[in-house]
Amino acid sequence: MANSKFEYVKQFEQPDVLLPNTWIVVRIDGRGFHRFSDRYCFQKPNDRRALDLMNNAAVEVMKELPDLNIAYGVSDEYRKLVTTIVSTFTAHYIFKWDTYFPGTPLEPPYLPSFDGRAVVYPTIWNLRDYMSWRQVDCHINNLYNTTFWTMVQKGGMSNTDAELELKGTVSSDKNEILFKRFGINYNNEPEIYKKGSVVYRQYQLEEPGHRPDPSGTQERSLEEAETGFAQDAKSSKTQQEKLRKLRRKAQVVVDHVDIIKDEFWERRPWILS
Ligand code: ATP
Ligand code: ATP
Ligand code: MG
Ligand code: MG
Ligand code: MG
Ligand code: MG
Ligand code: MG
């Protein structure tokens, strides 16, 4: 590397450090997706293809960055973390666009981009509350959107009239509009719309017909390994490497379930260990 007189500019890169031993949430949000979704005619209120594409990009990010979920708290650089995750997400989103929207090519200036931010939460409960906050938001938005678009699409109302009628209503009012006027039981709406999508590593047992490893180590030792890792902050480098390998091999799954109640977390203790 040349030692030129210009090199001093590197010093302008200020440290941008996240607190260690915390839960780091990187939130990704489509930039200007109101316009973007109009441009590519997303179905309202929920375009399943667009959600599946988002989920697919998230799965690919999880696969590509095995540290996600556990090594966040060890990461140090805010910028590196956010930019890596957001750009990887965007790359996969664009790569898979044609699979989910065949015959609808992306055209500038209507290209998908995302903003990203890292927020640090010091306790598991803060993190759980964050996740709960998002899922409650999903429910409230989806109930509103489902009612609004049903009134417009099935009830023939104008956007303005539907909006006016919904102003000041509570959940039970919306459920009643859906049921009494349109025969729709909100409870029967697809889980993906009502609950959103949670993406996590599943350390599964062997596939059916697959002969288990006679030594019985690898997959099965994962939970122990993760627990051990959490308990022993100074776990050795080789242990961390082993864990990373297991994480890389794990299946990444997409679920549409309640993440507010304890059950989800209790059944999958490795996620927050
Ligand atoms: P800005 O983009 O100007 O920084 P913002 O993204 O925080 O602001 P909005 O874009 O108006 O604010 O918020 C859109 C939605 O995102 C709102 O429903 C809000 O509840 C939610 N939201 C805001 N901040 C966060 C966050 N840190 N994590 C998750 N959701 C958030
Ligand atoms: P910002 O850049 O501030 O985030 P935004 O236009 O992306 O602005 P958001 O509050 O993030 O605003 O809202 C995203 C919008 O994208 C939704 O209001 C909705 O209109 C649209 N949208 C996103 N995903 C879908 C989907 N799967 N189906 C239908 N519409 C969607
Ligand atoms: Mg948004
Ligand atoms: Mg925003
Ligand atoms: Mg957005
Ligand atoms: Mg905003
Ligand atoms: Mg580099």
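This is a predicted model: local features need pLDDT of at least 70, side-chain atom pairs count only at pLDDT 80 or more; totals for chains, interfaces and linings use all residues.
**Exercise 1. The magnesium site**

Is G30 buried or exposed?

*Solution.* 
Step 1. The relative accessible area of G30 is 17%.
Step 2. Buried means under 20% relative accessible area, so G30 with its 17% is buried.
Step 3. Apply the cut-offs to D29, which has 28% relative accessibility and therefore counts as partly exposed.
Step 4. The magnesium ion (ligand 3) lies 3.4 Å from the magnesium ion (ligand 5), and D29 bridges the two.

**Exercise 2. The surroundings of ligand 2**

Which backbone atoms make polar contacts with ligand 2, and which elements give two or more residues to the shell around it?

*Solution.* 
Step 1. Start with the shell. Ligand 2 is surrounded by 15 residues, and the closest are D29, G32, F33, H34 and D47.
Step 2. Take the oxygen atoms of ligand 2. One is 3.0 Å from a polar backbone atom of G30. A backbone N or O atom of H34 is 2.9 Å from an oxygen atom of the ligand.
Step 3. Take the nitrogen side. A polar backbone atom of D47 is 2.9 Å from a nitrogen atom of ligand 2.
Step 4. Consider the cover. On its own, ligand 2 has 630 Å² of accessible area, and the protein covers 59% of this.
Step 5. Assign the shell to elements. Strand 1 (23–30), helix 1 (33–39) and helix 2 each give two or more residues. Helix 1 provides the largest share, 3 residues.
Step 6. Sort the shell by residue type: 5 nonpolar, 6 polar and 4 charged.

**Exercise 3. The surroundings of ligand 1**

*Solution.* 
Step 1. List the residues: R27, R117, Y130, W133, R134 and D137.
Step 2. Divide them by type. There are 2 nonpolar residues, no polar ones and 4 charged.
Step 3. Check the side-chain contacts. A polar side-chain atom of R27 is 2.8 Å from an oxygen atom of ligand 1. For R117, an N or O atom of the side chain is 2.9 Å from an oxygen atom of the ligand. D137 has a polar side-chain atom 3.4 Å from an oxygen atom of ligand 1.
Step 4. Consider the cover. The protein covers 45% of the 600 Å² of accessible area that ligand 1 has on its own.
Step 5. Name the main contributor. Helix 4 (residues 124–153) gives the largest share of this shell, 4 residues.

**Exercise 4. Helix 2 and the whole chain**

How many residues does helix 2 have, and which of them are buried?

*Solution.* 
Step 1. Helix 2 covers residues 48–64, which is 17 residues.
Step 2. Compare its span with the expected one. From first C-alpha to last it reaches 24 Å, close to the 24 Å expected at 1.5 Å a residue.
Step 3. List the buried residues of helix 2: A50, L53, N55, N56, A57, V59, E60, V61 and M62.
Step 4. Recall the helix geometry. An α-helix has 3.6 residues a turn, so residues three or four places apart point the same way.
Step 5. Turn to the whole protein chain. It has 10 helices and 4 strands, in the order β-α-α-α-β-α-α-α-α-β-α-α-β-α from the N terminus. Of its 273 residues, 34% are buried.

Notes
Residues are numbered from 1 along each chain as its sequence is written. Chains are lettered from A and ligands numbered from 1 in the order in which they are written. Side-chain values use heavy atoms; hydrogens and water are left out. The expected span of a helix is 1.5 Å times one less than its number of residues. Buried means under 20% relative accessible area, exposed over 50%, partly exposed in between (1.4 Å probe, protein chains only). A residue is near a molecule or strand if one of its heavy atoms lies within 4 Å of it. A polar contact is a pair of N or O atoms within 3.5 Å; within protein, one must be able to donate a hydrogen and the other to accept it, and residues adjacent in sequence count only if both atoms are side-chain atoms. Accessible areas come from the Shrake-Rupley method with a 1.4 Å probe; for residues, only the protein chains shown count as cover. Ala, Val, Leu, Ile, Met, Phe, Trp, Tyr, Cys and Pro count as nonpolar, Asp, Glu, Lys and Arg as charged, and the others, Gly among them, as polar. Donors are N, O and S atoms within 2.8 Å of the metal (3.2 Å for Na, K and Ca); water is not among the atoms, so sites may look incomplete.
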